[in-house]
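Welcome! Here is a short briefing on side chains that meet each other. Have the model open while you read.

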Amino acid sequence: MSKYIVLDLEFNRSNNGFVSERNGVKLYNEIIQIGAVKLNAAREEIDSFSRIVKPSAYFKINNEVKQLTGISKEDIFNGIEFKRALYEFLEWGGDGSELITWSSTDARVLKENIAYHGIEHVQLPPCYDIQVMFDDQVSMDDRPMPLNYAIWKLGIKSKPAYNALNDAINTAKVFCKLDLSDGLNEYAV
């Protein structure tokens, strides 16, 4: 039986345009928070996950990121290392799960952070972009719409944005309103 893991990430970047490079990977966005909601096959919430991640590239929190997320320098320095956070997340998600994200950005940033940290042999679950699904089924504008638009359009009561767990919860609420009768395959990231 499939489980859906609705994932959202918050990430930090340099204040001055510097781009850290390690293991042949340029890291533009360093993950500082992982938030996720686990849904069963009936798309009912059964668990949640949230971790603050300690930086290894950008030790000063970007001013814009701090204002949006409320995550402070103290928060990230009290966080856990990325590798540990990743393995805890994957173990929590379990086998037979599928990742659901709002846009392909979080999946790309997650893969970049894994490569940057030199973590090999990590098998991520299949990942699907429901921003595209929302466009196909609801907005039909042929352009990416922000999550807050989807929440408004579907009349969903939402949690405050720019917190990875809250955004995962909000994304899960949108996901639960979409029709899965044709499956997720055409929305693979």
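Which residue forms a salt bridge with Arg 51? The partner is Glu 88, and the closest N and O atoms of the two are 2.6 Å apart. Keep in mind that this is a predicted model. A search of the whole structure finds four salt bridges, and the structure also holds nine aromatic pairs.

- Arg 51 is partly exposed, its relative accessible area being 28%.
- Glu 88 also counts as partly exposed, at 22% relative accessibility; the cut-off for buried is under 20%.

**The bridge between Arg 13 and Glu 64**

- A salt bridge joins the side chains of Arg 13 and Glu 64, with 3.1 Å from N to O.
- Arg 13 sits in the loop between β1 (3-12) and β2 (20-22), while Glu 64 is in helix α1 (residues 63-69), so this pair ties together parts that are 51 residues apart in sequence.
- Arg 13 is partly exposed at 27% relative accessibility, and Glu 64 is partly exposed with a relative accessible area of 44%.

- Arg 108 and Glu 112 meet through their side chains in a salt bridge of 3.3 Å, N to O.
- Both of these residues lie in helix α4 (residues 105-116), where Arg 108 and Glu 112 are four residues apart, about one turn of the helix.
- Arg 108 counts as partly exposed, at 40% relative accessibility.
- Salt bridges that share partners also join Arg 51, Arg 84 and Glu 88 into one network.

**Aromatic rings**

- The nine aromatic pairs include an edge-to-face pair of Phe 18 and Tyr 58, with 6.4 Å centre to centre and 80° between the planes.
- Tyr 58 counts as buried, at 4% relative accessibility.
- Trp 102, Phe 134, Tyr 149 and Trp 152 are linked into a cluster by ring pairs.

**Charges over rings**

- Lys 38 lies over the face of Trp 92, 4.8 Å from the ring centre.
- Arg 43 has its charged end over the ring of Phe 175, at 5.2 Å from the centre of that ring.

Conventions:
Residues numbered from 1 in each chain as written. Predicted model: local features only at pLDDT ≥ 70, side-chain atom pairs only at ≥ 80, totals over all residues. Heavy atoms only, no water. Helix = DSSP H or I, 4+ residues; strand = E, 2+ residues; numbered from the N terminus. Buried < 20%, exposed > 50% of the residue type's maximum accessible area, 1.4 Å probe, protein only. Phe/Tyr/Trp six-rings, centres within 6.5 Å; stacked < 30°, edge-to-face > 60°. Lys NZ or Arg CZ within 6 Å of the ring centre and 35° of its normal.
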